[in-house]
Amino acid sequence: GAALLTEAAISKNPITKNEIIATKIIIKEEFEKQTFNTKINSIIAIGGSATSLNNLKNRIFQINTNFISKDKMLFLKIILVNSTIETRIKELKIEKGRADILPAGLLILETLQQKFNQNLEVNYNGLRHGLALSWMENKMKKKDMKIIKNSPNLS
């Protein structure tokens with residue numbers, strides 16, 4: 001998401017107001033294509049943008065939480081969109097490969113927060129971790145532990 005969005009709408013360093021507007025239009029158009037049949041009670045974000053934003057928030061505010069409130073997201077947005085890539089790397093200590101695309105990732109996550117009026121919880125484990133846990137839970141419910149019992153690594 002963040003890399004493709006950056007390629008599509010952001011080319012200036014720092015980002016211009018017109019680029020922010022264009023980015024938000026793309027995000028809103030993509031969200032309009034999605035159907036949400038249930039009420040969204042929380043937003044759990046995974047991936048590089050979410051974890052990088054949370055790490056930045058924790059450094060700036062000298063805290064250690066996995067939640068980004070809407071007001072803290074706005075604060076991060078002001079800092080990121082008004083800084084150059086070089087400043088993001090040197091002063092904000094954002095990874096070199098993430099510093100150019102993080103503003104686009106933030107705009108995606110901020111739009112989610114606004115759309116569902118929720119704060120953001122950041123999960124560092126990622127999708128594969130969740131899928132693995134889900135698979136294991138299903139196996140345990142079925143009491144079909146043959147795969148685990150026969151695993152050569154568990155002997």
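**Group meeting talk: a walk from Leu120**

Let me start with one residue. Leaving out residues up to four places away in sequence, Leu120 touches Ile43, Ala45, Asn66, Phe67, Ile68, Met73, Leu109 and Gln113. Touching, or contact, means heavy atoms within 4.5 Å.

Some ground rules. This is a predicted model, where local features need pLDDT of at least 70 and side-chain atom pairs count only at pLDDT 80 or more, while totals for chains, interfaces and linings use all residues. Residues are numbered from 1 along each chain as its sequence is written, and side-chain values use heavy atoms, with hydrogens and water left out.

Now the overall layout. The chain has nine helices and three strands. These are DSSP runs, numbered from the N terminus: helices are H or I with at least four residues, strands are E with at least two. Reading from the N terminus, the order is α-α-β-α-β-α-α-α-α-β-α-α. The chain has 155 residues, and 34% of them are buried. Buried means under 20% relative accessible area, exposed means over 50%, and partly exposed is in between (1.4 Å probe, protein chains only). Take the contacts between residues at least 6 apart in sequence: 65% of those join residues at least 24 apart.

Back to Leu120, and to the core. The largest nonpolar core has 29 residues. Such a core is a set of buried Ala, Val, Leu, Ile, Met, Phe, Trp, Tyr and Cys residues joined through side-chain atoms within 4.5 Å. Which members touch the most others? Leu53, Leu80, Leu109 and Leu120 do. Two or more residues each come from helices H1 (2–9), H2 (17–32), H3 (48–61), H4 (70–81) and H7 (102–116), and from strands E1 (43–45) and E3 (120–122). H7 gives the most, with seven residues. As a general point, nonpolar side chains in soluble globular proteins tend to be buried together.

Ile43 sits in strand E1. Ile43 and Leu120 are 77 residues apart along the chain, yet their C-alpha atoms are separated by 5.3 Å. Is Ile43 buried or exposed? Its relative accessible area is 9%, so Ile43 counts as buried. Beyond its sequence neighbours up to four places away, Ile43 touches Leu112, Gln113, Phe116, Gln118, Asn119, Leu120 and Glu121.

A lysine now. Lys77 is in helix H4. Its relative accessible area is 13%, so this lysine is buried. What does the Lys77 side chain make a polar contact with? The side chain of Glu110, at 3.3 Å. A polar contact is a pair of N or O atoms within 3.5 Å; within protein, one must be able to donate a hydrogen and the other to accept it, and residues adjacent in sequence count only if both atoms are side-chain atoms. Leaving aside residues up to four places away in sequence, Lys77 touches Lys24, Leu106, Leu107 and Glu110.

On to the loops. Asn82 and Thr84 belong to the loop between H4 and helix H5 (85–90). Asn82 is exposed, at 57% relative accessibility. Its side chain reaches the backbone oxygen of Ile78 at 2.7 Å.

Thr84 is partly exposed, at 24%. Outside four places in sequence, Thr84 is in contact with Asn13 and Pro14. Thr84 and Pro14 are 70 residues apart in sequence and 4.6 Å apart, C-alpha to C-alpha.

Pro14 lies in the loop between H1 and H2. The peptide bond from Asn13 to Pro14 is cis, with omega near 5°. In general, most peptide bonds are trans, and most residues other than glycine have a negative phi.

Gln62 has a positive phi of about 50°. Gln62 is in the loop between H3 and strand E2 (67–68), and is exposed at 72%. Lys93 has a positive phi of about 60°. Lys93 is in the loop between H5 and helix H6 (96–99), and is exposed at 59%.
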